[in-house]
Structures are given as structure tokens and as C-alpha cells.
Amino acid sequence: KHNMSGLSPRRQESHRVYLQQFTRGGTATVPQHESSVNTTSAAVRLTLAATTEDVTELLRQKFGLLPLPKIPISASATRSTSSSALDRINAHLAMQRQKSSEKENNKRHKRTYDPYKDDTLVIVASCFLPRGYVRFEHEQLKASVSHSSTSNTNHSLSQPQIFSGSEAFNLFKTLSPDDNPLIVKDELYQQILLIQEEAIALFGSSSGPGSLADDITAATSKSPRRVRKPPVIRLFFMPCHNSGVSNATIEMEGYCTDTEEENDNDVNNDEDTEINELSSNATTPIPQWKRDMIPYSSHPKVEISKEQKTLMKERRLLTILSGHEIASGNECVSGYLLKQCKLDGNVWKRVHCVLPNYPQFWFVSRVKKDEHMFPQEDLPGSNMITSQCIGKHGMIELSGTFLIETIDTDSPVSGIPCTFQLMTKDGDIHTFRANSKKAYSRWMDCLSKRIVECQENSYLDHAEALVRIALVGRDIK
């Protein structure tokens, strides 16, 4: 039961905590070149007085792991070998008083989670949502092309596509050492309930006879109750990396995310600067291609909000990426990968990756329902700008980028198979993971060839620049 009102100090709940670890193959059921996930669990009783650090210390004992080294509290508090019972009692009371004072200090200065030093709990709230709630822009573009080839009617990408069945949706929350698991669990449960209600309202409610909502409801009528099942809360134990456990993981079916406000694509801000210049400079003539790509650019007097700027930037990036894909033809490589979230390293988000015949590697997050709809009644062009058909675009320049196929053992993800990293020339590291060994080998082959081509081209460009400089110097003489 998830009772938000039951916040009495005596509140207690029994939960099972899971520990998942990757194991190498070589058994009768798992081949040598593949990995499997071994799952163990332990039962714990949570109270409002227990912090994450208290629970993880107990879990280390239950899972048979060595205790983490602790800083000595004090010389007087650790004297437990005294022959006097009174001395032992005083030492115990001194230790409890010091622990209490440390907890009070931690409340005032909340510690942050360090995967190298701290054990932690990860709470996962899961539910089934109508298939199509998690969707990507390339799926809608393909559906639009397919629809336009079989029908003469116009098809709007802003409308949700019709999908059948349901898909698991998992909301992650990694706790800091001083968090209270029960309180965080209640908050996460309320968040997943709101997401479930939003998905059912979007895909399962009827807005009138013959509406798109009716079609979607009919498409999912085979299992109408499955979507409305209450969310499930699971707790996972993640040992710190310095304790020698580097293969711990959390494997969940379906889509995984940490929060519905994520912005983890690290896109360059050049587009923002150009949009600001377009909106502030009314005398500069604007080319037609920019007017088509950025509708508001032809009307600089219109006030542009932050959401509108973000949407215009994503529209432009979508246009650039689409152009690269068309120009690359069959040489364009694309597919799904899991990208490690920079805000929460325990979360791996599904992204659609594109490697065109161009020195860039693109990754696009899912399309999110956005309440910001920007009418253009007084503006030429489209009738409505919508962000319901565009995801977040991230791009990595391959020129000067290193491909790290073998993760260093000092990294917390060194024990996770099919993982690779891209380190840019600025030192930013992006970690990706393939779903299979075959997909991993394919991406490694394509990325390594493209990066080598970029390096060779950069050498040629540098040589040409040196030749031009030499010719200019000769002409001056």
C-alpha cells in the first residue's frame, strides 16, 4: 500500500530489495560470448527513521558483501575491550551521541551520491502505458511517408500514431545517502500515477464518435485492463564501485527514464544565438530557406518565449539531420542504442542514433508530449507549431573524437557488456550501450571507419592549409 498520509514515526513497510549482476557465459545455458543477469534479493523493513545509508549497510550483510571501511569515530568511543561494564556503556552512549550529531549535520548539509564511495538504493516505479506513448520522430516520419504514398489526403505529424498493445514504462530515482526511502518511494509513486493518467487520457479516452481517440481505444481493446493496472514499486541495491563490485546493473523491460523533465542531449547553442539574432534584427534580409526552416525568423517583432526558441532549434536540427540522411542514402547507419544519463548514471535511456556519411554522430531522444502549442494565425506558413512530433537532438562531432571500445576498469560501467564511449576533443564523454553483441560489433565497425576517415580528411585539410600559406607567402615576396 502506498499511503501518503501515513507519515507517523511508527510507520513500517517490508520490501524486497534486488541485486542484479552481469555474469559471463560459458555455462550450459549461456554461450561463452554472451552474458546473463544473475538476480538475488533480500527482505528489509523500512521505517521513517532509516536513511539510505542505514539500509545499504544492512544489505551488505544480507548479500554477503564486505563492509565498507569507515572513518574511526573517536579513540574513546571505540574502546570496547575494557573490563569494566560501566566503561563499555559510556563508550556506547558516546558513540550514539556522535552518530546523532553527524545525522543532524547531514540534514543541514545533505550529501550527494558518489558511485565510487557510496552504496545506494535505486527505486523504480513501473507501469504499462499504451504503445505509442513512447515514440520517436523517425517512426512518425516513416508513417507519414507510408500514409502519403497510399492516400491523397494530408497527414499531420502532430497527431499521435495508432499503436496496438502496451509497453512497460520505468521511472528511476537514485537515492542519496541521507534520503529516506519511504518518503522518496511515495513521491515517485505519485509521479508515475500522473504519467499513467496522462497516457490513458491521451490514448484511451474518447473525445467523440469517430475520433482518433476512439481508434486508439479500439486498437488497444484486446487488453484494456492491463494499461490500468496500478504501478509497481521495486527497490534495487547498487554497491559502490570501490567495493570491488563493478558488474551491478538494473535490467528492466520497456523504456527507462529518470524524470520527465530531462534535457540530456548536450546540443550546441549556436542555434540559440542565431535565433536571437534573427529575432532582434529587423533590417537584415532573411533568406527564404531560413523562413521555411524557422517560421518565426521572418517576423522579428514577435516575442519569442524560451519554449518557442527550443522548438525552433529542434525543428532546424531535424531539418539538418534529415538532409544528411537523404544525402547519405544507403551509407547512412541508424538504430537504437541505450545512452547513459549524465544526471543519473544508473539510468540508460533509449535513443535513436544516426551515423550519416558526414563527420557527425547524432542521437535523438523520444518525442514527449508538450503542452506548449504555438498558434501562427497571423503568420504565413503552417497553422500550428507543435513539439509533439520532434525529439531532442544531440550531435557529436567525430573530428577529434576518440572511440573507447574497452572501458577502463576504474569506471563504474566497466562490468556492463556491449558498452562503448565517445570522448570529444573538448573532453566530454558520452557512454552508449548496444542491446546485443551483433549490434555492438556493427556500431564499432561503422564508427571506427568514420572516425578514421575524419582524421584522414583533417590531415589533408591541414596540408592544404599549409600549402596555401606557403603560396601566399611566395606571392607577397
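Predicted model: local features only at pLDDT ≥ 70, side-chain atom pairs only at ≥ 80, totals over all residues.
The protein chain has 477 residues, of which 40% are buried. Its secondary structure comes to 10 helices and 16 strands.

The largest nonpolar core holds 32 residues, and Leu59, Tyr133 and Phe169 have the most contacts inside it. Several elements supply at least two residues each to this core: the strands β1 (12-24), β2 (35-47), β3 (120-130), β4 (166-174) and β5 (232-238), together with the helices α1 (52-62) and α4 (181-203). Of these, α4 gives the most, with 8 residues.

An open sheet is formed by 7 strands, which follow the order β13-β10-β9-β8-β16-β15-β14 with antiparallel pairing. Its edges are β13 (393-397) and β14 (402-404), each of which pairs on one side only. From one strand to the next, the twist averages 35 degrees. Within the sheet, β8 (residues 333-340) and β16 (residues 429-433) are antiparallel partners over 2 bridges.

The charged side chains come next. Side chains of opposite charge can pair when their charged atoms come close. In the whole structure, the search finds 12 salt bridges. One of them joins Arg11 and Asp186, with 2.8 Å between the closest N and O atoms. This pair links distant parts of the chain, as Arg11 lies in the segment before β1 and Asp186 in helix α4, 175 residues apart. Are these two partners buried or exposed? Arg11 counts as buried because its relative accessibility is 9%, below the 20% limit. Asp186 is buried too, because its relative accessible area is 2%. The pair also belongs to a network in which salt bridges with shared partners join Arg11, Glu13, Lys185 and Asp186.

A second salt bridge is formed by Arg60 and Asp119, whose closest N and O atoms are 2.5 Å apart. Arg60 belongs to helix α1, while Asp119 sits in the loop between α2 (85-108) and β3, so parts that are 59 residues apart in sequence are tied together. Both Arg60 and Asp119 are buried. Another salt bridge brings the closest N and O atoms of Asp178 and Arg111 to 3.0 Å. Here Asp178 lies in the loop between β4 and α4 and Arg111 in the loop between α2 and β3, so the pair ties together parts that are 67 residues apart in sequence. Arg111 counts as partly exposed because its relative accessibility is 28%.

What of the cysteines? The count of disulfides comes to 0. Cys332 counts as buried, because its relative accessibility is 17%. Cys418 is likewise buried, with a relative accessible area of 17%, and lies in the loop between β14 and β15 (419-423). The backbone of Cys418 has a phi near 60 degrees, a positive value in a residue other than glycine.

A last stop is Gly254, in the loop between β6 (248-249) and β7 (255-257). With a relative accessible area of 33%, Gly254 is partly exposed. Which residues does Gly254 touch, not counting those up to four places away in sequence? The contacts are with Glu167, Ala168, Asn170 and Arg350. The C-alpha atoms of Gly254 and Phe169 are separated by 5.6 Å, although the two residues are 85 residues apart along the chain. Phe169 is also one of the residues with the most contacts inside the largest nonpolar core.

Key
Residues numbered from 1 in each chain as written. Heavy atoms only, no water. Core = buried A, V, L, I, M, F, W, Y, C linked by side-chain atoms within 4.5 Å. Buried < 20%, exposed > 50% of the residue type's maximum accessible area, 1.4 Å probe, protein only. Helix = DSSP H or I, 4+ residues; strand = E, 2+ residues; numbered from the N terminus. Pairing = 2+ DSSP bridges. Axes fitted to C-alpha atoms, helices over the stretch in contact; angles between N-to-C directions. Salt bridge = Lys/Arg side-chain N within 4 Å of Asp/Glu carboxyl O. Disulfide = S-S within 2.5 Å. Contact = heavy atoms within 4.5 Å.
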